[in-house]
Amino acid sequence: WRDFWPADVQVVGKDILRFHAIIWPAMLLALGLPLPKKLLVHGHIAADGKKMSKSRGNTIDPIELFDKYGADAVRFYSLYVSPPWVPTRFDVEGLREIESKFFRSFKNTYNFFQLYSGTDDIDPREFFVDYDKRPEIDRWILSRFNNLLKMYSENMDKFEVTKVVRAISDFVIEDLSNWYIRRNRRRFWNTEVDDDKKAVYNTTYEILLGISKIIAPITPFVAEEMYRNLTDKKSVHLDFIPECNTSL
């Protein structure tokens, strides 16, 4: 037990903060134990502007939401809507929008990639086009992605998960789906497997794989499915979070 204490972070609800602020530290000190390195205080889930409570009858059944939208969508939305330390104003319409926009954009991009790589019988892991030889739009999306990785690392260390989730959502919906894939369809359709076609496959594969890794702590099931499909490896949760490549 002492090998894992003091903990990197202790998570507590704001309703018991008084206990944690006074009695709990005194107990640890009396036992000769150090305090955790960081303390993260989280708010409550609210509906209609009030804390969800069984006595009020304003709770939402999470199992029903999992069955309808998936547990990962509920996780992602809960972090997207507000930082952990403020009350979360849970709205099913907002959850539905997140499921429709982010998750469908991500899956549609993967399905598009899988369709054409299967048709062409191409595995992007079998070749590599140097970054400086890829078209400008490939270098653009890779630049955007590596800036996302830089932002991800900096903000996850500070528990700014809401900023991270919103940035990932914007990247997948706007940069990857609405811009990169739409503007490069003809490269996938090209009958000749030249360096240009190899470059678009390399770039799309690298970004899909990278996204599956950085969403793993947030949406573990979707990340696992995507990662296994892309790599044939055992689990994304045994891999490492990618680091920003500043040269890109």
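# Core packing and aromatic pairs

Helix α4 buries D72, A73, V74, F76 and Y77. The model is a predicted one. Its largest nonpolar core holds 50 residues. Aromatic pairs number twelve.

**Helix α4**

- Cover for the buried residues of α4 comes from elements including α3, β5 (88-89), α5, α7 and α10.
- D72 and A73 are among the residues that α4 buries, as are F76 and Y77.
- An α-helix has 3.6 residues a turn, so residues three or four places apart point the same way.

**The largest core**

- Within the core of 50 residues, the most contacts belong to I168, F171, I211, I214 and I215.
- At least two core residues come from each of α3 (62-69), α4 (71-81), α5 (92-119), α6 (136-156), α7 (161-183), α9 (195-214) and α10 (220-231).
- Helix α7 gives the largest share, nine residues.
- F171 touches I141, R144, F145, L148, L176, I207 and I211, leaving aside neighbours within four places in sequence.
- In soluble globular proteins, nonpolar side chains tend to be buried together.

**A separate core**

- Another core lies apart from the largest one and has five residues.
- W5, W24, L28 and L33 are among the residues of this other core.

**Aromatic pairs**

- A pair of aromatic rings is described by the distance of the centres and the angle of the planes.
- F102 and F103 pair edge-to-face, with 5.0 Å centre to centre and 80° between the planes.
- F102 counts as buried because its relative accessibility is 0%, under the 20% cut-off.
- F103 counts as buried too, because its relative accessibility is 4%.
- Y116 and F188 have ring centres 6.3 Å apart and planes at 45°, so this pair is tilted.
- Y116 belongs to helix α5 and F188 to helix α8 (residues 185-189), so their pair ties together parts 72 residues apart in sequence.
- F188 counts as buried because its relative accessibility is 1%.
- Y116 and F188 also belong to a cluster linked by ring pairs, together with F112, F113, Y201 and Y205.

**Charges over rings**

- R166 places its charged end over the ring of Y80, 5.4 Å from the ring centre.
- K198 lies over the face of F127, 5.5 Å from the ring centre.

Note on methods. Residues numbered from 1 in each chain as written. Predicted model: local features only at pLDDT ≥ 70, side-chain atom pairs only at ≥ 80, totals over all residues. Heavy atoms only, no water. Core = buried A, V, L, I, M, F, W, Y, C linked by side-chain atoms within 4.5 Å. Buried < 20%, exposed > 50% of the residue type's maximum accessible area, 1.4 Å probe, protein only. Helix = DSSP H or I, 4+ residues; strand = E, 2+ residues; numbered from the N terminus. Contact = heavy atoms within 4.5 Å. Phe/Tyr/Trp six-rings, centres within 6.5 Å; stacked < 30°, edge-to-face > 60°. Lys NZ or Arg CZ within 6 Å of the ring centre and 35° of its normal.
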